[in-house]
Amino acid sequence: MVPKKEISMVPDMGKWKRSQAYADYMGFILTLNEGVKGKKLTCEYPISETVEKLLSLLGTLDRWIDETPPVDQPSRFGNKAYRTWYAKLDQEAENLVSAVLPSDLSAAAPEIAVYLKEAVGNSTRIDYGTGHEAAFAAFLCCLCKVGALRVEDQLALIFKVFDRYLQVMRKLQKTYRMEPAGSQGVWGLDDFQFLPFIWGSSQLIDHPTLEPRHFVEEKVVNEYHQDYMFLECIKFINEMKTGPFAEHSNQLWNISAVPSWSKVNQGLIRMYKAEFAIDGADVKEVCGRNGFQISFSHFSPLAVLQSPFGLPTAPGTLATCVIQHHGLIY
């Protein structure tokens, strides 16, 4: 089954909030948030064959950027070579996903590939935003639900796969000068990302020396960015923007005054639910412009948890862990 867009207007968000997909998606985000708490990017964790295949997939996307240089054009932003790059993904997405899945799950490839194609930006507008990031999270959630990823993969999923995804997306943004999709400017958390701030703040909970006030200090960011996803994001912002931090990233500047990483983490989760999953501006961006697909839920709040293509969720997967950990009973 290939997903179809179910949300096109803000009133449709009620359907999304009541859906199993919403509970699955937020449960997935929160389970991973709990899993990375207090852990460094450089800590030790198992790397499964599926994780290795996902890294290979992202490596292919990275290589295609090198093979598709920007073209000369009058406009400074939105280099049209991105459309050539995207056309390769559009053509090869199902094959890329099939290479990640075990052979007995190959029937899921057409559906899961849709989320991968949604995760890298919009080829018409040549922009990228939090809706595309959410599509990649949904892509990973689908892989968990069908059993391709297991509970023991959760650290590698964030510290290897998602971190590599961020590297590729940043390379896309810089190479093709992609516009932020639905950016709220100085009043938004970030032009392009949200999830790495949530998971990155969880990593820093109970850190013995680093407090939220420290992330605005360039010396601290340069020293610790390889260990903490939150500081990686701050480093990228510092590289891409000029001027006082308080002016170009006012929301983050305000967050630096929060007394603890635990409170930062809780606040970001509330903000994500409100501004991305529920509220006005981002709803229009995600559903109206980014085309975020949620059809893996079938929109049944009383349904038994199912895989994207109708099979029961495999036992021992992260998806089952989500239900056990958060009590998401339908």
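Buried residues, defined as those under 20% relative accessible area with a 1.4 Å probe and protein chains only (exposed is over 50%, partly exposed in between), make up 56% of the 330 residues in the protein chain. The model is predicted, so local features need pLDDT of at least 70 and side-chain atom pairs count only at pLDDT 80 or more, whereas totals for chains, interfaces and linings use all residues. Residues are numbered from 1 along each chain as its sequence is written, and side-chain values use heavy atoms, with hydrogens and water left out.

The protein chain contains 15 helices and 2 strands, taken as DSSP runs numbered from the N terminus (helices H or I, at least four residues; strands E, at least two). Of the contacts (heavy atoms within 4.5 Å) between residues at least 6 apart in sequence, 78% join residues at least 24 apart. The protein chain exposes about 13,900 Å², of which carbon and sulfur atoms supply 52%; accessible areas come from the Shrake-Rupley method with a 1.4 Å probe, and for residues only the protein chains shown count as cover.

A search of the whole structure finds 16 aromatic pairs. Rings of Phe, Tyr and Trp (its six-membered ring) pair if their centres lie within 6.5 Å, and planes under 30 degrees apart count as stacked, over 60 as edge-to-face and the rest as tilted. F136 and F139 form a tilted pair, with 5.5 Å from centre to centre and 35 degrees between the planes. These two residues are 3 apart in helix α6 (residues 130–145) and are therefore separated by about one helical turn. Both F136 and F139 are buried.

The pair of F162 and W199 is edge-to-face, because the ring centres are 5.0 Å apart and the planes stand at 85 degrees. F162 lies in helix α7 (residues 154–175) and W199 in helix α8, so this pair ties together parts that are 37 residues apart in sequence. F162 is buried at a relative accessible area of 0%, and W199 is buried at 2%. F136, F139, F162, Y165 and W199 form one aromatic cluster.

R170 lies over the face of F236, 5.2 Å from the ring centre; the criterion is NZ of Lys or CZ of Arg within 6 Å of the ring centre and within 35 degrees of the ring normal.

Positive phi values occur at I126, with about 55 degrees, and at D206, with a value near 65 degrees. I126 is in the loop between α5 (109–118) and β1 (127–128) and is buried, with a relative accessible area of 2%. D206 is in the loop between α8 (195–203) and α9 (218–224) and is exposed, at 75% relative accessibility.
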